[in-house]
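Keep the viewer open and click along as you read.

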Amino acid sequence: MHKTLHKKIIVDGKSVKICSIYNDLNSVALKEKENFEYIDKLINTFNKKGTYKNMEFLAIKTIIVALINLTEELINNYGILLNFQVDNVSKVDIDTNDNTIAIIVTISGDGFYTVFGDFDIQYFVRPIDNDASYGEYLKIVNSINIKNIILFTNNKNNILSANLLKKEINDKNIFVMQTRNEAECLICLSNFDYDLDIESNCENMNDALNRSKTLKITKASKDYCNNNLSVEKGEWILLDDEPIYASKDLNSLILSIKKELDDFNIITLFYGTNISYEKAQEFKALLDKETRFSKDIYLYEGGQNIYTFIISGEK
């Protein structure tokens, strides 16, 4: 069930509604002119990235001062924004109602802030390293004033930390969804319903996962061999939990993807930082052609570091 939010920014892992910022602008000083259209354009421009990558945040009680490096186009059209100050910023949907559910999503790339923009997500964990630590989960859980929490691990290496947290936190009802990647998390959230209780939602989301499949593509960091597959360092590999196909050419894996996802009507590709948008588009076009345009195939920027593609198949 899709839930569309107001525009928002991410501050210390928490979402803040843009509408609050827009309505509470305290002072705007422009080099050439004061113009609220400028602010609106600024908000729309940076929100497309899902987070204010070009802003530095300093939070003092309820005040956020933002120092902004502007794009050349914005400077030419509107002048230079010297500073603006925001008062009375509050977190989204802080609610102690026993039926309220808070959702924590672990992400591996900045592109996923935008990907998750259609869902009512208040909290993100962006691990400093590739794997989320117990401390990172504990910090975000302690900041939430809601009893019922669903935590999406989105990496099998995060499951241990998440389960330990669930065991040790007694004042909150934490459900750990042991998702292996963001693609699985999105499948779950597409089947989430805020009108249902947390137990029913987790059951429905697990059922949805059982009706789907996710794959990943990366380069082998070392030689690998099991009973069915031999992989050389540097080869492209297609993985489920373990490598299932390998090739020296990335595009050669398309036939393998088609075979693995042949029973699914919807295929979604999330591309990482080690491939350009143009190359990712080319890969999608080849997959479209190979499947004879019989499936709905979508491409999004994930921004993950390790995997060139995270791929999901849904019916």
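Find Glu232 and Lys248: their side chains form a salt bridge, with N and O 3.2 Å apart. The term salt bridge here stands for a side-chain nitrogen of Lys or Arg within 4 Å of a carboxyl oxygen of Asp or Glu. Glu232 sits in the loop between strand S13 (230-231) and strand S14 (236-239), while Lys248 is in the loop between strand S15 (243-247) and H9, so this pair ties together parts that are 16 residues apart in sequence. The helix and strand labels are DSSP runs numbered from the N terminus (helices are H or I with at least four residues, strands are E with at least two). Glu232 is partly exposed at 45% relative accessibility, and Lys248 is exposed at 62%. On this scale buried is under 20% relative accessible area, exposed is over 50%, and partly exposed is in between, using a 1.4 Å probe and protein chains only.

Before going further, a word on what you're looking at. This is a predicted model, in which local features need pLDDT of at least 70 and side-chain atom pairs count only at pLDDT 80 or more, while totals for chains, interfaces and linings use all residues. Residues are numbered from 1 along each chain as its sequence is written, and side-chain values use heavy atoms, with hydrogens and water left out.

Back to the charges. By the salt-bridge rule, the count comes to 9. One of them joins Lys213 to Glu260 at 2.5 Å, N to O. That pair links distant parts of the chain, with Lys213 in strand S11 (residues 213-219) and Glu260 in helix H9 (residues 254-260), 47 residues apart. Lys213 is partly exposed, at 22% relative accessible area. Another salt bridge brings Lys284 and Asp288 together at 2.7 Å, N to O. These two are 4 residues apart in helix H10 (residues 277-290), so about one helical turn separates them. Lys284 is partly exposed at 21%, whereas Asp288 is buried at 10%. There's also a network: salt bridges with shared partners join Arg180, Glu184, Asp240 and Asp241.

Lys156 is in contact with Arg180 and Asp241, leaving aside its neighbours within four places in sequence; contact means heavy atoms within 4.5 Å. Lys156 lies in the loop between strand S9 (148-152) and helix H6 (159-168) and is partly exposed, with a relative accessible area of 44%. In that loop you'll also find Asn155, which counts as buried at 17% relative accessibility. The side chain of Asn155 reaches the backbone nitrogen of Asn157 at 2.8 Å. Not counting residues up to four places away in sequence, Asn155 touches Asn130, Asp131, Thr179, Arg180 and Asn181.

Now turn to helix H5 (residues 134-142), where Tyr137, Ile140 and Val141 are buried. They cover an arc of only 100° around the axis, which puts them on the same side of H5; the arc is taken from the directions from the helix axis to the C-beta atoms. The face turned away from that buried side carries the exposed residues Lys139 and Asn142. Covering the buried residues of H5 are, among others, strand S7 (101-106), strand S8 (123-125), S9, H6 and strand S10 (173-177).

What about the interior? The largest nonpolar core has 28 residues, and Val105, Phe116, Ile150 and Phe152 touch the most other members. A nonpolar core is a set of buried Ala, Val, Leu, Ile, Met, Phe, Trp, Tyr and Cys residues joined through side-chain atoms within 4.5 Å. The elements that give two or more residues to this core are S7, helix H4 (111-115), S9, helix H7 (182-189) and helix H8 (198-210). H7 gives the most, with 6 residues. Apart from this core lies another, of 21 residues, including Ile217, Leu238, Leu253 and Phe264.

Ile217 takes us to the strands. Its bridge partner in S18 is Phe309, and S11 and S18 pair in the antiparallel sense over 5 bridges. Strands pair if DSSP finds at least two bridges between them. Strand S16 (residues 266-271) also runs antiparallel to S18, joined by 6 bridges, with Ile266 opposite Glu314. In strand S18 (residues 309-314), 5 of the 6 residues are buried, so the strand is largely enclosed by the rest of the structure.

Methods: A polar contact is a pair of N or O atoms within 3.5 Å; within protein, one must be able to donate a hydrogen and the other to accept it, and residues adjacent in sequence count only if both atoms are side-chain atoms.
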